[in-house]
Amino acid sequence: MLTVKNMTNVKGKRVIVRVDFNVPLKDGTIRDDNRIVAALETIKDLLKKEARVILLSHLGKIKHKETPEVIEAQKKKNDLTPIAVRLSELLNMPVKFSPDTRGANLAALVEGLQDGEVLLVQNTRYEKGEEKNDPELALEWASLADAFVMDAFGSAHRAHASTYGIPAILKEEGKPVAIGYLVEKEVENLSRCVEVNEKDRPYIAILGGFKISDKIKVIQSLLGKCDKILIGGAMAYTFQKALGHNVGISPVEDDQLEYARKCLLTANGKIVLPIDSVTTDEFDPSKRKSIITTETQSIPENMEGMDIGPKTQALFTKEIKKAKMVFWNGPMGVFEQPEFTKGTIAVCKAIADLKGAFTVCGGGDSAAAIKQFGFSEDFSHVSTGGGASLEMIENDGHLPGIDIIRK
Ligand code: ADP
Ligand code: MG
C-alpha cells in the first residue's frame, strides 16, 4: 500500500485527503478536537511537499428522507465552519473553506488553490449521494484531484462516495492513491491483533459493552484467534441466562440466547464469565434504593447487574497478567455512573501493569473510558475508530476504504 510518507512529486498536485473531522459539537462549539489534531501529521506532510490540499470530511448525520426544513436544521447543526476555524488555528495558517459541496463555486476554489495551500470542503453528507456512493458525485469529486489520501480511519468501514468512490475512480485512471499516517498506524496495530504471531501468545480478548447482537461477528472472529475471552458488561448476562442462571432484571437479549449457548459449547473453555456482579434495584440513580454485590449465578429477582464484582475483577486481573497481547472492546459496567466504574478501572489497571505486552483498545465508549480514567498512555494503541476498529477485527483486517487503496 502506498503511504503518504512515501508519496513523492506532489508539488503543485491537487490532493484530496479524506479526513475524519466528525468531532463532538455542542451549539457550534467543538467539545474535543482530538480528531482534528490526529489528522495534522498527514496534512502538514502534504503542505510541506507543496501539494494543493483539499480536505473532505463528514460531520454527524443528515437524513435526506426528512422534510426540507428538517434537513436544513440538520445541515446547520453539522456545519464544518467551526472546524475550519480550529484547523486554521492548529496549522497556524489560513484555511480556505468551500460552503458548496459540489458545482462551479467549489471547482473555482480548487482552481484557485496555490501550492502549499489548504481548502476544507463543507460536510460531505450535505450531499444525498455521499452515503450511497453515487457514481456521478464520486466522479465530480474525483475530477477535482490528481491524487487521493485516505486518513479517515473512523469512516474506512463505509463504502461512501468520499471514502470509496473517489479512490476507485482515481485508481482506475492510474493516479496515486495512498493511506495517511493515522490510517497507517491503525492498520499496523490492528493487523497484529488479526494475524496472530506465536510470540504474542497468550492472546487475551476482553469484551464488554451493551449488546451481543452488535458484536456477534467480533466474538466469532476472536474465538478463532484468542487463547481466552473475558466477557463482562451487559452482554455477560445473556451468557449467564443461557447457562440457566438467574439474572434478575439484568439486560438480556432473549433472541441471542441460542447464539450464546452455541458459543459456550464450542469455545473449548476459552470464554471466562463473571462470577460476581454489582447490582441495583434501579438503573436511574435518582430512584435508586440499594446497591449490592452478589454471585452472578443468583442475582435476586428485582436486581439488575451494573458492573463486574470484586471477585471477577481479581479473576480477570489474574488472566490478564498472563497475556502477551490484549485486545479490549467494551466497558465492564455502566462506567458513566460513578458507582459502577470499578470493573472497567480494574481492567484498565491490569492492562497498564503488564510489562512488555502489546495492548490494544478498540471501541468508542471503551476509548472514552480509558481517557476518562487516565490510562491513555498505558496502552500500546487506542484506536480512533469505534465501529471501524471492530469491523477490522471481524473482517480479518479488511475494510472497504482501505482495501480500495491496496495495489
Ligand atoms: P464500545 O463503544 O466500546 O464498543 P458499547 O457501545 O458496546 O462499547 O457499550 C458501551 C455501553 O455499555 C456503555 O454505555 C455502558 O454503560 C454499557 N454497559 C456496560 N455494562 C452494562 C450493564 N451491565 N448494564 C447496562 N449497560 C451496560
Ligand atoms: Mg459504543
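Student: Which element gives the most to the lining of the largest pocket?
Tutor: In this predicted model, helix 13 gives the most to that lining, with 5 residues. The lining consists of 38 residues, and those nearest the centre of the pocket include Asn34, Arg35 and Ser383. By class, the lining residues divide into 8 nonpolar, 17 polar and 13 charged, and about 1300 Å³ of space lies in the pocket.

Student: Where does ligand 1 sit?
Tutor: The space that ligand 1 takes is the second largest pocket. Helix 13 (364-372) and strand 16 (304-308) are the elements that give two or more residues to the shell around the ligand, and the largest share, 3 residues, comes from helix 13.

Student: What makes the approach of Asp365 to ligand 1 a polar contact?
Tutor: A polar backbone atom of Asp365 is 2.8 Å from an oxygen atom of ligand 1, and the cut-off for a pair of N or O atoms is 3.5 Å, so the pair counts as a polar contact.

Student: How much of ligand 1 does the protein bury?
Tutor: Taken alone, ligand 1 exposes 580 Å², and the protein buries 85% of that.

Conventions: Residues are numbered from 1 along each chain as its sequence is written. Chains are lettered from A and ligands numbered from 1 in the order in which they are written. This is a predicted model: local features need pLDDT of at least 70, side-chain atom pairs count only at pLDDT 80 or more; totals for chains, interfaces and linings use all residues. Side-chain values use heavy atoms; hydrogens and water are left out. A polar contact is a pair of N or O atoms within 3.5 Å; within protein, one must be able to donate a hydrogen and the other to accept it, and residues adjacent in sequence count only if both atoms are side-chain atoms. Accessible areas come from the Shrake-Rupley method with a 1.4 Å probe; for residues, only the protein chains shown count as cover. On a 1 Å grid over the protein atoms alone, a cavity is a set of points where a 1.4 Å probe fits but cannot get out, and a pocket is an open set with protein on both sides within 12 Å along at least five of seven lines; lining residues have an atom within 4 Å of a point. A molecule sits in a cavity or pocket if more than half of its atoms lie within 2 Å of its grid points. Helices (H or I, at least four residues) and strands (E, at least two) are DSSP runs, numbered from the N terminus. Grid points are joined across faces, edges and corners, and a volume is the space filled by probe spheres set on the points. Ala, Val, Leu, Ile, Met, Phe, Trp, Tyr, Cys and Pro count as nonpolar, Asp, Glu, Lys and Arg as charged, and the others, Gly among them, as polar.
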